[in-house]
Amino acid sequence: MLEIWKQLVCDANKALKDLQLVKWTSGNVSYRDFESNRVVIKPSGVHFDVLKPEDMVIVDLDGNVIEGRLKPSVDTASHLYVYRHRDDIHSIVHTHSPFATSFAIRGLDIPSYTTTAANLFNDRVPCSDFAAIGEEEIGKQIIDHISDSSAVLLRNHGVFTVGKDIEHALKAAVILEETAEYAHYATLHEPDLQPLSKEVIRQCSHFYKTAYGQKEENKL
């Protein structure tokens, strides 16, 4: 079942390493199918280079394994908590990308200093409180802090991004790391750097949602 989504989730997980957002086996991508509410997620502790579509694990929203010979990611419970509480989210990406994680270690939000950041994250990428991995607590922190952003920093841990599909969640992870890198370098020179105004952020968000990219019927 869900063969197409197993391939796409596998490809997205491999992309995390290609994009230098993860190292070793840490990090994962999941997708929730619109029709069945089944979730496809990376198996735990498997190197990205050797992942195959048949290695992906399918679970229901209660965490029961529906299909797959491998144990699902240790972050599965957190992903499922988010899916149960946000109907608009259908993909989650988790990374430990270095610049963004450096803000998470310090417990700092990343304000929107650039128009690109405003497009995806509105006024900021929030940083959550600390939560232990392996249970629902991370999912609770995501829901409590993410609001209308598409990303959240988990205190002392890493990054979670979300989207209506895999492409949007993965794009958010890429742009977040870019945003964090720029913010890091900029604040080295100007510690009191001012974020964009709320009015500029509103304009950026509206423009991005209404004018950026191709219409669905014209996409390649």
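What follows is a chat about the overall build and then a few places in the chain.

User: What kind of model is this?
Analyst: It is a predicted model.

User: How many helices and strands does the protein chain have?
Analyst: The protein chain has seven helices and nine strands.

User: What radius of gyration does the protein chain have, and what would a compact globule have?
Analyst: The protein chain has 17 Å. A compact globule with 220 residues would be near 17 Å, so the two agree. The C-alpha atoms fill a box of roughly 50 × 40 × 30 Å along the principal axes.

User: And how much of the chain is buried?
Analyst: Buried residues make up 46% of the 220 residues. The accessible surface comes to about 11,300 Å², and 52% of that belongs to carbon and sulfur atoms.

User: Of the contacts between residues at least 6 apart, what share joins residues at least 24 apart?
Analyst: That share is 64% in the protein chain.

User: What about charges: how many positive and negative side chains?
Analyst: There are 23 positive and 32 negative side chains. The centres of the two sets lie 1 Å apart.

User: Moving on to helix H2. How many of its residues are buried?
Analyst: Seven of the 10 residues in H2 (residues 76-85) are buried, so the helix counts as mostly covered.

User: Which ones?
Analyst: Thr76, Ser78, His79, Leu80, Tyr81, Val82 and Tyr83.

User: What do they pack against?
Analyst: The buried residues of H2 pack against strands E1 (28-32), E2 (39-41), E3 (57-59), E5 (91-95) and E9, and against helix H5 (137-146).

User: E9 came up there. Which way does E9 pair with E8, and over how many bridges?
Analyst: E8 and E9 (residues 158-163) pair in the antiparallel sense over four bridges.

User: Which way do the side chains of E8 point?
Analyst: In a regular strand the side chains alternate between the two faces of the sheet. In E8 (residues 151-154), Ala151 and Leu153 point one way and Val152 and Leu154 the other way. All four are buried.

User: How many residues sit between the strands in that hairpin?
Analyst: The hairpin of E8 and E9 has three residues between the strands. Asn156 takes a positive phi near 60° in this hairpin.

User: Buried or exposed?
Analyst: Asn122 counts as buried because its relative accessibility is 13%, and the cut-off for buried is under 20%.

User: What is Asn122 in contact with?
Analyst: Leaving aside neighbours within four places in sequence, Asn122 is in contact with Ser112, Ala117, Asp148, Ser149, Ile201 and Ser205.

User: Now Pro98. Where is that?
Analyst: Pro98 is in helix H3 (residues 98-106). Pro98 is partly exposed, with a relative accessible area of 49%.

User: What does Pro98 touch?
Analyst: Not counting residues up to four places away in sequence, Pro98 touches Gln20 and Glu177. From C-alpha to C-alpha, Pro98 and Leu21 are 7.5 Å apart, though 77 residues separate them in sequence.

User: Last one, Asp18. Which helix is Asp18 in?
Analyst: Asp18 is found in helix H1 (residues 3-18). Asp18 is exposed, with a relative accessible area of 64%.

User: How far is Asp18 from Phe48?
Analyst: Their C-alpha atoms are separated by 9.4 Å, and Asp18 and Phe48 are 30 residues apart along the chain.

Conventions
Residues numbered from 1 in each chain as written. Predicted model: local features only at pLDDT ≥ 70, side-chain atom pairs only at ≥ 80, totals over all residues. Heavy atoms only, no water. Helix = DSSP H or I, 4+ residues; strand = E, 2+ residues; numbered from the N terminus. Buried < 20%, exposed > 50% of the residue type's maximum accessible area, 1.4 Å probe, protein only. Rg over C-alpha atoms; globule rule 2.2 N^0.38 Å. Contact = heavy atoms within 4.5 Å. Areas by Shrake-Rupley, 256 points an atom, 1.4 Å probe, with all protein chains shown as cover. Lys, Arg positive; Asp, Glu negative; His and termini not counted. Charge placed at Lys NZ, Arg CZ, Asp CG, Glu CD. Pairing = 2+ DSSP bridges.
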